[in-house]
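Biologist: Thanks for sitting down with me. Could you walk me through the terms as we look?

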Amino acid sequence: MLKYVFLLSSLSLLACAEDNLDDLLSSYQQTSDLSKMTMKDSSSFAEVYTRDDLEKMQIHTLDDFLKIVPGIYAARSSSNILSIAIPSNKNFPLSYTRLYINDHDVSSSSFGSAFQIWGEMPTEYIDHIEIYKATSSMEFGNENAALIIKLYTKNANRDSGSKVRLLADNLGSYDANMYTADILENGISYFAYANSDSIKREQYKTSYNGKEYNIDSNKQGYNLFATLNYNNFYADIASYQKRNDNFLGKGKYNTPENGDLKARHSYIHLSQTFSQDIKVQLSYDNLTYERHYIDQNGLTIATPSSKTIQDYDITFEDNIFSAIIEKKFTTSNNSLLLDGFYKYKGFSSNGDYIDSLTPTTYTSNIANSLNMYSLYAEDNYDIDSSFRVVTSIKGDFFRYDKEVKDQNELLAKIGFIKKVDSFKAKLFYEKGYVPLSFYQIYNPGNTPYKANPNLDTIKTDIATASLNYTSDKLESTLTYVYMKSMGLVEYAYLSANGWINSSNDQVQDYIQLDSTYKFDLDNKIVLNLAYGKNSDDINYSPNFEALLSAFNSYKDFDFYNTLIYKNGYKYTSRSGNLNILPSYELISALKYHYSQDLSFGLRAENILNKSMEQAYKGRLHPKQIQISDRKIWLNMEYTF
Amino acid sequence: MLKKIVISLLLLPLLLSASSAEYEQKIYQTIFSSLFPQKETLYVWSDTPKNSRLIDNVSLFTKTSDINKADILLLSKDRDIKKQTPIFVTNYKLLKSYKQSAIGGFYWKKGRPNIVLLKNNLMKNHISIPSHMQKYIEND
């Protein structure tokens, strides 16, 4: 009987669908999301944000996006760099993270992270985003990290035509984007994107010795990106440059006067897939990072040791060349990937530190380079259609030009994925490490800078266990992560070499529950709960977060609402303690589709004015400042 | 009204579990059963393996390797085809190339799937357009 009811409902569906091609087109569009092709299902802990999600949210920068990723507390450092914390923990070292745009790793070799430059990047040219947590590079055959963010750009196969998107907010910001894409007669396709933005942030005031100072954190940027494709050849070319205010800066009393960060990252990434599943990638990156701090009341930033300076001017330049070759062997129940890569990283830093009272200028010019070799193998073996075993092994070999010892690192991973009816269980364990950045090797406490020749990488043990339940309407996943970090790299002010390996291990336990209930293809609610505990048993950040989001469509309107709750905690520092209250960040977005090609949107951020507060230590007293401004964005999108 | 709600509830699981390929097949089925209501089978000639797989999964379609027997040519590549058989294309460029002979196309453009029917070529082939398909017509 049930069979006939099902058959009847199927036939009825088909009959109804015939009446409404528009509904079929809409369903086809949603189920054809590009993430279905790029997502690595054999990963231990991954989340995907589809194009439909991003469009409903009206997200337009990476930092805005990261705020709604459960278990990641995107904030900003005192010098206005995107920082990340995880529940209960201190700031997550930026070198634990890797950011990819398509196949390209945009991390800086100076800092070991991409966020110094790309943290507030505009995202209109991004199709969808994947987040891999408690992971390693092994899925992607590149440098290691524990958090990987993969951004996939739009392409001409889907987006031929052109689009203009203009945004403005009540603080005077604007964000103007345009892209155009086409497939030419000769089969070459291109996608070209340009952006200009000026993001205004809330201005704060501080005073010292009877004088008032402005705390600004505005940003201006330009982003150019193009991709060319012909058969199995792809070329990505990009250049992003920006200027940031210094926010609190590095002054003893956080009394900045002018100063800024000017940064640029340009790259080209070529990729060719040959027959027999061989893929070759070549890339070149050039990055410059110019930081200028001015604070007449003295800068706390290191160097020259014990001297008081008022003007700090430093430039980093990276040149990175990378070559990757991979080969896949696929049979009916086994997939083996072999991968080898070579990376050259050239690094230089030129600093002028000026005591304008004496006046005296101290300088420090350093340079080094690294040749990195890596070999990698990953095997996915299906014991049967419901049970997969994933094994990976990787060797990374670091050879510095000078001053730093050779390093050989071995990574290994094993994972089991078992499906039973509507349930899927995953169990993974991996031994890994976190690569050193050049910035961590050199001690800014000495002038000129000196390297710590014995500095070692942080070693990590990560275990994840997850259980997923999927039905037609409900998907729910419970994930537990155990992460042990050994030999943490810390800055010891009194040591000769500055950066040292700590003798203390750190353990992080983390639990996340994700549930999505789909009413239909256009309407869903999402609940995320994240809880973390560290081995110090002290909360350095909120240890619990809950996100409740609703994605809805009705006729020509799209709606998005999310409420992010984080509990409070006590911040302690030498200059005083702060009681960080629980936060409630409410974000709402409304989009009206005037036609298929023209839409207007409204996005209100931090509506309750109770977003998470970030604590900043200060010499006189610590400060607490909300991470999100209370803003309303107006949005217009036009395709042609 | 109640009946509609009950049917919707019954259909929802199917809607949510259907794959992209299934929707694509259903779209082709819907377009061609609307354009050729009198036909129980349409013989389709195609130029790519991907299209062949699609044809195999659309109940109205029967694959033919003989272009002379075809009722419809489903094209994904630019070819010098002189035949008068109605052509249906899978990308926007081809719709331009076959402006004089294509009856329409189904392809991605501007980030979304599009259906386009070319009025003059449909008329040339004596194909009438049902009212629910009028919105996809472009005057070629």
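Predicted model: local features only at pLDDT ≥ 70, side-chain atom pairs only at ≥ 80, totals over all residues.

Biologist: Which residues on the other side of α3(B) are called exposed, and what makes them so?

Modeller: Those are Pro49(B), Lys50(B) and Asp56(B). Residues are numbered from 1 along each chain as its sequence is written, while chains are lettered from A and ligands numbered from 1 in the order in which they are written.

Biologist: Which residues of helix α3 in chain B are buried, and how do you know that they line one face?

Modeller: Asn51(B), Leu54(B) and Ile55(B) are the buried ones in this helix, residues 49–57. Seen down the axis of α3(B), the buried residues fall within an arc of 100 degrees, so they line one face of the helix. The arc is taken from the directions from the helix axis to the C-beta atoms.

Biologist: What covers the buried residues of α3(B)?

Modeller: The cover includes α2 (20–35), β1 (42–46), β2 (61–63) and β3 (72–75) of chain B. Helices (H or I, at least four residues) and strands (E, at least two) are DSSP runs, numbered from the N terminus.

Biologist: Why are α2(A) and α2(B) called roughly antiparallel?

Modeller: They pack at an angle of about 155 degrees, with their axes 8 Å apart. Angles over 145 degrees count as roughly antiparallel, under 35 as roughly parallel, 65 to 115 as roughly perpendicular and the rest as oblique, so this pair is roughly antiparallel. The crossing is left-handed. Residues making the contact include Leu21(A) and Tyr28(A) of α2(A) and Tyr23(B) and Ile27(B) of α2(B); contact means C-beta atoms, placed from the backbone, within 7 Å.

Biologist: What makes a group of residues a nonpolar core?

Modeller: It is a set of buried Ala, Val, Leu, Ile, Met, Phe, Trp, Tyr and Cys residues joined through C-beta atoms within 7 Å. The largest one here has 88 residues, of which Tyr73(A), Trp118(A), Ala146(A) and Ile441(A) touch the most other members. Its largest share, five residues, comes from strand β8 (residues 147–153) of chain A. A second, separate core of 33 residues includes Tyr28(B), Leu42(B), Val44(B) and Phe106(B).

Biologist: How many of the residues in chain B are buried?

Modeller: Buried residues make up 31% of its 140 residues.

Methods. Buried ≥ 20, exposed ≤ 12 C-beta atoms within 10 Å, placed from the backbone. Contact = placed C-beta atoms within 7 Å. Axes fitted to C-alpha atoms, helices over the stretch in contact; angles between N-to-C directions. Left-handed = near helix turned anticlockwise from the far one by under 90°.
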